[in-house]
There are 2 protein chains.
Amino acid sequence: MKVAKFGGSSVSNASQIKKVLDIVNEDPERKIIIVSAPGKRHKDDIKTTDLLIRLYEKVLNNLNYQDKKKEIIQRYADILEELNMEKTLLTTIDETLETIIETLKEQPPRLYDALLSCGENFNAQLIASYNNSKGYKTTYLSPKDAGILVTDLPQQAQILEEAYDEIYKLRDIEGKIIIPGFFGVSKHDFIVTFPRGGSDITGAIIARGVKASLYENFTDVSGIYRANPNVIKNPELIEEITYREMRELSYAGFSVFHDEALQPLYKHRIPVVIKNTNRPQDKGTFIRHERDINNKNVIIGISCDKDFTVINIKKYLMNRQVGFTRKVLGILEDYNISFDHMPSGIDSISIIMRTSQIKNKEKDVLNAIRKKCDVDELSIEHNLAILMIVGEGMNKVVGTANKITHALAESNINIKMLNQGSSEISMMFGISVEDADKAVLSTYEYCYHGICLKNLCKSK
Amino acid sequence: MKVAKFGGSSVSNASQIKKVLDIVNEDPERKIIIVSAPGKRHKDDIKTTDLLIRLYEKVLNNLNYQDKKKEIIQRYADILEELNMEKTLLTTIDETLETIIETLKEQPPRLYDALLSCGENFNAQLIASYNNSKGYKTTYLSPKDAGILVTDLPQQAQILEEAYDEIYKLRDIEGKIIIPGFFGVSKHDFIVTFPRGGSDITGAIIARGVKASLYENFTDVSGIYRANPNVIKNPELIEEITYREMRELSYAGFSVFHDEALQPLYKHRIPVVIKNTNRPQDKGTFIRHERDINNKNVIIGISCDKDFTVINIKKYLMNRQVGFTRKVLGILEDYNISFDHMPSGIDSISIIMRTSQIKNKEKDVLNAIRKKCDVDELSIEHNLAILMIVGEGMNKVVGTANKITHALAESNINIKMLNQGSSEISMMFGISVEDADKAVLSTYEYCYHGICLKNLCKSK
């Protein structure tokens with residue numbers, strides 16, 4: 001049994017929805033379908049979810065929201081029209097939105113979650129109804145009826161372990177099942193959304209729950225590239241990647257698949273395939289627990305993300321002081337800051353975090369460190385980019401670090417920080433934001449084509 | 001005003017002591033002299049301090065200790081004899097040892113410190129007395145009279161901040177001053193020793209206290225080499241090195257100068273020179289707050305130390321969990337383990353420590369981590385060597401990492417771990433113990449002579 005999830009652009013209009021249902025109906029194994037809210041139909045279009053956010057803001061500020069509501073209803077009206085379907089659903093949509101606003105307007109965080117869930121929810125109903133009309137037995141299930149029981153904190157839904165038993169029962173339903181992505185229901189019967197991009201998470205939860213043989217994630221690209229196509233022209237597609245490699249890549253800028261969505265699949269070793277709704281014949285990229293590794297494909301991909309900040313601390317004889325680092329990390333914890341890397345010398349540490357983590361807290365955090373840790377020097381650097389070279393088994397092949405440092409040196413890029421743990425499948429290079437694209441380009445060309453940017457040398 | 005410290009081999013017999021006093025008397029700026037206990041006179045000789053430890057063990061086990069005591073007295077008798085001095089000091093030595101044993105035999109840690117201090121203490125008295133007999137006004141000062149007031153925990157002496165005011169007054173004493181190294185006196189009037197090799201620390205404390213213009217550290221080598229002379233034939237001598245560079249090098253195997261001794265000097269920017277008692281005309285190695293750096297001497301030295309252990313922890317989505325690393329470090333703290341490096345990925349950390357830190361605690365520590373931290377994978381690796389490439393400004397020069405990784409790759413050495421912080425003056429490479437010497441050799445030859453071990457390539 002397969003679980004298939006379709007992203008926003010795959011379900012943005014009638015012709016896309018037809019493509020989706022062709023894919024769904026063609027394979028009897030594709031039993032459970034997770035759908036997103038209608039995405040953009042063209043470059044300047046607005047996603048349904050964003051329309052819902054605007055509606056929420058109107059309500060929140062006690063403004064007249066009828067126009068915004070109409071825009072939303074119109075999105076579904078357009079689709080129904082194109083599909084030659086009856087318009088009865090539009091009444092349900094209107095009534096549902098009004099009921100939500102009426103019931104929850106005094107509880108903004110709840111209102112937000114409930115309104116935003118509508119994008120996926122209406123679309124799932126619409127698509128299920130259309131598929132039924134075409135003669136395919138199809139059941140729409142709300143997340144509540146599907147058993148997606150989650151924690152109660154708004155916008156922070158986490159699946160409850162007990163939910164999986166209920167989800168397993170979906171296997172017994174005949175025909176196709178269509179479930180809206182992006183949200184679950186709490187024990188207090190509130191709608192709670194996953195972090196945005198969360199349809200991937202719904203799909204992963206259902207795939208794990210029904211013990212699917214494959215989780216198909218349909219998007220508008222034919223898989224995952226070895227590097228960002230905005231930086232590298234026609235980068236190679238990855239055929240096979242491990243969960244851990246995928247996570248390292250998606251961490252530093254690869255946004256095809258939400259990395260948190262891998263978590264339910266990871267332990268149960270359910271494979272994922274990233275496929276293109278518009279080119280279903282393409283093989284796509286498989287994400288698995290293990291992959292075949294040989295010396296030629298040790299480096300699976302290269303990514304680079306900007307917007308990192310680093311706090312540098314120097315203290316003479318730091319390594320002799322049992323507990324010093326823990327004290328510093330305790331301060332970060334007090335301010336609820338999670339960090340990503342911590343390269344260190346014997347008398348210094350650099351703590352690297354996403355800039356968003358420390359934004360608006362910077363002064364307080366630095367003051368606290370200064371006050372509590374008796375440091376010799378303390379500084380903060382912004383505009384740091386993190387280049388990640390990712391690949392299982394990379395640290396067992398002599399010369400990998402040399403390849404990368406060679407490519408960077410040839411491009412005159414200074415390495416500010418370096419980090420590779422013993423069991424690690426990635427190498428981290430801290431560089432200037434200005435060098436970010438050049439770093440991806442030079443390492444990509446050198447690792448995959450054996451040529452230096454300057455054409456001064458060739459890889460062995 | 002200069003403070004000069006002479007190590008054990010510089011004061012091991014009459015002819016060495018004469019060399020020392022020639023050096024001392026020749027320069028009127030050399031006012032305060034710190035002396036060690038008599039060291040080895042030849043390869044198979046026993047250091048006086050080791051004789052004192054044997055005496056301590058006899059006393060501790062209620063055995064007859066007279067033979068051991070006689071051996072110690074004999075060391076000083078030999079020196080007095082060779083210097084044609086009267087033997088009255090020997091009676092003082094005998095009585096002092098007996099008094100210490102009598103008074104402290106029920107308090108072994110105190111007994112240990114008091115007995116061990118004798119090696120330096122008798123030697124200082126002897127040398128001061130000899131210099132006076134030669135017509136040079138010389139005052140022996142016990143650490144108590146010199147104002148070296150320390151904390152009370154046996155074998156762990158730390159200078160008290162208030163001591164420095166008292167030490168400053170030494171400037172007013174006329175003539176030369178000779179002070180025994182290695183110990184101070186606590187407020188409870190107990191003798192407390194510094195960690196072994198602690199004469200360096202006494203010298204540094206006195207140099208800081210009197211605000212010396214230079215702290216001269218006389219040993220049996222003409223300075224600090226760029227790499228271990230046991231691995232590299234005739235390595236280059238370093239003319240000038242910064243405190244921080246010195247500390248990084250001494251951390252990973254350079255034992256010329258006790259790195260903790262730099263601490264009192266560091267903040268007050270008192271320069272140190274490492275000189276050879278046997279070749280005082282040699283320039284020696286200067287340790288300063290800053291040094292001139294140009295692209296050619298960016299790497300000041302290369303060192304490699306064995307006997308490291310690494311704990312590897314993997315946990316999916318580790319970087320999202322605020323406080324995870326702190327929890328792990330808290331466990332190390334509970335077991336009083338200090339670690340040295342912590343390279344990390346986004347889902348894993350490697351914690352590197354000296355094997356001695358975790359010896360006998362390994363099982364408990366791993367169990368505690370497993371129990372409290374909910375990790376995915378946990379492993380421990382022994383037999384790790386740490387290669388340190390040290391140099392101020394190294395991280396500002398493009399291509400340094402490339403040089404090192406190139407040399408290692410050419411020698412077929414696998415880099416298990418990599419670490420370089422942003423403000424760092426060293427690069428750390430975790431490698432197998434078996435590769436340790438080869439790593440020093442290949443990086444040394446490539447960095448300083450531009451040749452690969454295999455002669456396959458030349459550095460640019």
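Trainee: Let's start with a charge over a ring: how far from the centre of the ring of B:Phe190 is the charged end of B:Arg110?

Mentor: Keep in mind that this is a predicted model. The cut-off for a charge over a ring is 6 Å from the ring centre. The charged end of B:Arg110 does sit over the ring of B:Phe190, and its distance from the centre is 3.9 Å.

Trainee: And which ring does the charged end of B:Arg208 sit over?

Mentor: B:Arg208 belongs to H8(B), where it is one of the buried residues. Its charged end lies 3.7 Å from the centre of the ring in question, which is that of B:Tyr164.

Trainee: Since we're on that helix, how many residues of helix H8 of chain B are buried?

Mentor: H8(B) runs over residues 199-209 and is mostly covered. Among the buried ones are B:Ser199, B:Gly203 and B:Gly209. The count for the helix is 11 of 11.

Trainee: What is the relative accessibility of B:Thr202?

Mentor: B:Thr202 has its place in helix H8 of chain B. Its contacts beyond four places in sequence include B:Ile34, B:Ile148, B:Pro180 and B:Phe194. Buried means under 20%, so B:Thr202 counts as buried with a value of 0%.

Trainee: Which residue with a positive phi follows H8(B)?

Mentor: Most residues other than glycine have a negative phi. Here the phi is near 55°, and the residue that follows the helix is B:Lys211.

Trainee: Is B:Asn62 buried or exposed?

Mentor: B:Asn62 has a positive phi too, near 55°, without being a glycine. You'll find B:Asn62 in the loop between helix H2 (48-60) and helix H3 (66-82) of chain B. Exposed means over 50%, so at 70% relative accessibility B:Asn62 counts as exposed.

Trainee: Over in chain A, what is the relative accessibility of A:Asp189?

Mentor: A:Asp189 sits in the loop between strand E6 (183-186) and strand E7 (191-193) of chain A. Its phi is positive, about 70°, although A:Asp189 is not a glycine. A:Asp189 counts as partly exposed, with a value of 48%.

Trainee: Now the aromatics: what kind of pair do A:Phe6 and A:Phe218 form?

Mentor: By the distance rule, the count comes to 11 aromatic pairs over all chains. For A:Phe6 and A:Phe218 the centres are 4.6 Å apart, with 10° between the planes. Planes under 30 degrees apart count as stacked, so this pair is stacked.

Trainee: How many residues apart are A:Phe6 and A:Phe218?

Mentor: A:Phe6 lies in strand E1 (residues 2-6) of chain A, and A:Phe218 lies in strand E8 (residues 214-219). Both are buried. The pair links distant parts of the chain, and the separation is 212 residues.

Trainee: How are the two copies related?

Mentor: Chain B superposes on chain A with an RMSD of 0.1 Å, through a rotation of 179° and 0.1 Å of shift along the axis. The two copies are thus related as by a two-fold rotation axis.

Trainee: What percentage of the contact residues of chain B recur in chain A?

Mentor: The same surface serves both copies. As for the recurring contact residues, the figure is 99%.

Trainee: Which residue of chain B joins A:Tyr243 and A:Tyr266 in a cluster?

Mentor: The cluster is linked by ring pairs. Besides A:Tyr243 and A:Tyr266, it includes B:Tyr316.

Trainee: Last one: what is the volume of the largest cavity?

Mentor: There are eight cavities of 30 Å³ or more. In the largest, the residues closest to the centre include A:Phe339, B:Met318 and B:Thr325. Helix H11 (324-334) of chain A is among the elements giving two or more residues to the lining. The volume comes to about 160 Å³.

Key
Residues are numbered from 1 along each chain as its sequence is written. Chains are lettered from A and ligands numbered from 1 in the order in which they are written. This is a predicted model: local features need pLDDT of at least 70, side-chain atom pairs count only at pLDDT 80 or more; totals for chains, interfaces and linings use all residues. Side-chain values use heavy atoms; hydrogens and water are left out. Rings of Phe, Tyr and Trp (its six-membered ring) pair if their centres lie within 6.5 Å; planes under 30 degrees apart count as stacked, over 60 as edge-to-face and the rest as tilted. Helices (H or I, at least four residues) and strands (E, at least two) are DSSP runs, numbered from the N terminus. Buried means under 20% relative accessible area, exposed over 50%, partly exposed in between (1.4 Å probe, protein chains only). A charge sits over a ring if NZ of Lys or CZ of Arg is within 6 Å of the ring centre and within 35 degrees of the ring normal. Copies are superposed by least squares on the C-alpha atoms of residues with pLDDT of at least 70 in both. Contact means heavy atoms within 4.5 Å. On a 1 Å grid over the protein atoms alone, a cavity is a set of points where a 1.4 Å probe fits but cannot get out, and a pocket is an open set with protein on both sides within 12 Å along at least five of seven lines; lining residues have an atom within 4 Å of a point. Grid points are joined across faces, edges and corners, and a volume is the space filled by probe spheres set on the points.
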